[in-house]
Each structure stands twice: as C-alpha cells, then as structure tokens.
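This briefing reviews selected side-chain and helix features of one predicted model. Please keep the sequence and the structure at hand while reading.

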Amino acid sequence: MKTIVLEPGERLQPAQLIRKGALPEHIVASARDIVADVRGRGDAALREYSLRFDGVELDGLRLPRAALDRALDLVDGPFRAALERASRQILAFHERELEQSWFTTRSDGTLLGVKITPVAAAGIYVPGGRAQYPSTVLMNAIPAKVAGVERIVMVTPPQRDAAGSDTGGISLYTLAAAAIAGVDEIYTVGGAQAIAALAYGTESIAAVDVVTGPGNAYVAAAKQLVSGDVGIDMVAGPSEVCVLADAEAMPAVVAADLMAQAEHDPLAACYLVTCDAAFAHEVERALDVLVAASPRADITAASLANEGTIVVASDIDAAIDAVNVIAPEHLELHCANALSLLGKIRNAGAIFVGAWSSEPLGDYVAGPNHTLPTGGTARFSSPLSVSDFQKRSSVICYTPDGLIADAPATQTLAQGEGLWAHALSVGLRRRMLEGGADAVALDVLGAEDLTAVAWPEDDPQTISRGAVAASEGFMRDQEGNGGK
C-alpha cells in the first residue's frame, strides 16, 4: 500500500489519492453504440449481445414466473433463513425513510404543500455472469417496494454454465432473493444493453422510469448515457473502504476489513487513516498473513498494492480532515469513543461506528442500503433510498386574498426580469378582483394600456404588505354564476 505521511499542519490533498476519475472514453463510446443499437433494434440486439458477451443463446428474454415462484423452496434452509432475516431488517430501516405528502395553509387561505408519488416502474440491475449477488436484489427491490412502485423489473446476465436450466441461467440464490423482495419481472440480459432496454424498452421489455443497481464500467457508462431519459441512482465506480483507526485497534481485524473491499475487484480502493505509524506497519504485517490464506488472494493483493493508501496524520483532527477529503463509500471508525467523532464526519456513504461494526454487516443484514456513492461523490451524494423511487410534486392553491397579497411582489420581480406576460398573468387576476369579471373582457382590455396592468409600478409598502382588493364586484359575479 502507498503511504502518505502528513506533517503537523499539513492537510491531505485530493491529488494525493489514487483515483481514476471519469469513465474511460473508449468504454463510454462502446456503451453509446450499444445503447443506440438496442434503442433501434430492440430484442434482436439484446440476443446478439447476449451471445457475444455472455456466450448464451437466448430463446426467451423473460424468466417464466414459475421459476421465480418456486425459488424459495429450492434454496437450502440456512440461506433462506439468512435472506429472510436480512429482508426484515432492510424493510424495517427503509420504512422509516418513507415520506408522506404534506400541506399547510397560510393566514390568507393559500394552500401549499408537497404531493409524494411513487414512480410507476423501476428497473434494478443485478450483476451476474460469473458471480451471484442476492444482497443486491434485496437492497434495490425492497426500497422500491416500500416506496409503492407497482412494477419492479430485474435484469441480470445469465450464467453460462447454468444456461438452459430451469432457472433460466440465473443463480438460484439470486432468484430466491427476488422472490422474497417482491420482484415482478426478471429478464436474463445484462451489460449496457440491459440498461438501454430498461430505459427505452424493447418488444419484450417495457421501459421503466428509474434504473438502479451496480455493474461494471459499461453498465455505469450506459446509466450515465440514459440519465435524463430515465432517473438513475448514481454512476458507481469500484468499491472502497476507509478505516480510521487508533493504536488501540486490532491490526488483524483492521486488515480483514480492508481486505473485505479489496477482494471485490482489483480496482477496489482501500484507505487506512491513523495517527500511529507503528500501528500502520502492524496492519501491513497482518495483511501479508491474511492475504496468503485468502481464496481470492490474487484479486485482493492487486487491489491493496495498486489502489491501497495509508495516511499517517499528525493528530486526530488532521486524520478526520483526511477522511473527509477521501469521502469514502464505506467508513469504519476503529477508535476509542468512536461515537463522539460522528459529528465531525461530513463525507461518507455509510459510517460504521466502533470496533464491532464490521462493514460486511452493512453489506448484508444491518438494514441501511449498501448501494452507496463511490469515488469521492459522498461529498454530495447519498445512499440509495426510498426517495429514489418517489417523485415530489409541489402543490400551490391560491385564494383571492393570497393572490392580492403576493401579486405586487410577483409583478415587480417579473418587471425586473423583463417578462411582461409573467406580470400580466398576475395583473389580470388582480384587475378582475378589483373590478369584477367585466374588467378583463377583451373589448375593455383592447382599449387599455396593458403594460400598466402588467407593470403597475407599486410602491415599496404595497409590495411588502400586499395590495388591497375591492373584490366585492368579483365575488358578486361569482355568486351570480352559482359560484362557478
């Protein structure tokens, strides 16, 4: 691992970190071609890419419902019990995130508020091929279900050695997770082509409103390309962890926690921040011992060697500052009185407080979502949540008194921006309240100076307090029309 020693008063600089930054242009270009092809040729393109990239010739894209329905009965008992425990705790956490519509009424009767509406359809991407990720299914489908999404669609690449099986080439564990999480449709397609299918639809796959879930660089590039046509959760990069540890932490435990991210991918990033150089050395010794015993030693060693960084700070404040500069996906606080440090952490996707809070607990069963911002984007991004599957609509309902109160300020601001019709829209309503419906009749307006109606040049007191309407004529007209 690379070591950075910060002298007293020195701050960690972003340029000192090992980060690749934006997606490589050749991957973006390739993903762009794939997205355009699927958008143009639909299912035919999906079948060609499945054969080319996954080595699987697909008869049908959609997994039969029967395969999903029987999945839970086919997995072994311990795994099913683990799935059920994880799903209960993920559900309980995300139910607390659920927002409700709200409304408030001002003294003049104006009603304002927010209407919360779930999206109609959500697509979740689950990596597959040579691996299986049932936890990803739970973490993406459960918050969508809590949000009230009616149609949850899962796409995942088939596993070559399981092609033609009664699971459609999908891991039985992944299918069991989909069953317990309430997934409605499953399609055996992966890669950038699957993202394009979710975003734009094909003959077999109806388009969705939001696409979430992790994937390789091509999947990330495709999500970036379709963003704006559909909602996405984030453009995720390689997994990363930062461990902030003092000298009281156990070197072997810290080493194992670093390895828990390193074994994901040779590009996974691992950071150790400490104020004790001797402790950092002990962690490196522990890594040598533990990596040698790992069945994923090659991947883990490559990640630690090429993407690992140790920061030795002069004091705890400099160490916390370094953590905030790193803005890690996962942050572990292996420190005495770790909870007291929580208020100083500004940038982290998920924070694991204290020596007992192993990051893999958060990956699987703790409850908070494990789909987290990577690559320093925790500076401005948040974990996947129920809100990613909901929309907010502002609700604005003015009364005549409310209109008169806000009209002068609105017209003045519109005049300042040179937007005549903006001001006229309010000014005509104000005129109608002052003079009745006849005051806005076309034959009357044709003879008026409409600029004076739009931009009446109200004095500061009127703008501040609102106009006073002689609205009796308008209200009388309303009563005469039966209130319509």
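The side chains of H330 and E359 are joined by a polar contact of 3.1 Å; a polar contact is a pair of N or O atoms within 3.5 Å, where within protein one must be able to donate a hydrogen and the other to accept it, and residues adjacent in sequence count only if both atoms are side-chain atoms. The model is predicted, so local features need pLDDT of at least 70 and side-chain atom pairs count only at pLDDT 80 or more, while totals for chains, interfaces and linings use all residues. Residues are numbered from 1 along each chain as its sequence is written, and side-chain values use heavy atoms, with hydrogens and water left out.

- H330 is found in strand 12; strands (E, at least two residues) and helices (H or I, at least four) are DSSP runs, numbered from the N terminus.
- With 2% relative accessibility, H330 counts as buried; buried means under 20% relative accessible area, exposed over 50%, and partly exposed in between (1.4 Å probe, protein chains only).
- Leaving aside residues up to four places away in sequence, H330 touches S239, E240, V241, C242, Q261, A350, F352, E359, D363 and L372, where contact means heavy atoms within 4.5 Å.

**Helix 5**

- Helix 5 has 19 residues and spans 27 Å from its first C-alpha to its last, close to the 27 Å expected at 1.5 Å a residue; the expected span is 1.5 Å times one less than the number of residues.
- Buried residues in helix 5 are F79, L83, A86, S87, I90 and H94.
- Viewed down the axis of helix 5, its buried residues fall within an arc of 105°, so they line one face of the helix; the arc is that of the directions from the helix axis to the C-beta atoms.
- These buried residues of helix 5 pack against helix 6 (134-147), helix 7 and helix 14 (359-364).
- The exposed residues P78 and R88 are carried on the face of helix 5 turned away from its buried side.
- The N-terminal end of helix 5 is capped by D76, which has a side-chain oxygen 2.9 Å from the backbone nitrogen of F79.

**Aromatic rings**

- The structure holds two aromatic pairs; rings of Phe, Tyr and Trp (its six-membered ring) pair if their centres lie within 6.5 Å, and planes under 30 degrees apart count as stacked, over 60 as edge-to-face and the rest as tilted.
- Y49 and F53 form a stacked pair, at 5.6 Å centre to centre with 5° between the planes.
- Both Y49 and F53 lie in helix 2 (residues 43-54), four residues apart, about one turn of the helix.
- Y49 is buried at a relative accessible area of 7%, whereas F53 is partly exposed at 42%.
- F79 and Y173 form a stacked pair as well, at 3.7 Å centre to centre with 10° between the planes.
- F79 belongs to helix 5 (residues 77-95) and Y173 to helix 7 (residues 172-181), so this pair ties together parts that are 94 residues apart in sequence.
- F79 is buried, with a relative accessible area of 19%, and Y173 is partly exposed, with 27%.

**Backbone with positive phi**

- A327 is not a glycine, yet has a positive phi of about 50°.
- A327 is placed in the loop between helix 13 (316-326) and strand 12 (330-334), and is buried at a relative accessible area of 0%.
- E457, also a residue other than glycine, has a positive phi near 60°.
- E457 lies in the loop between helix 18 (450-454) and helix 19 (460-465), and counts as exposed at 59% relative accessibility.
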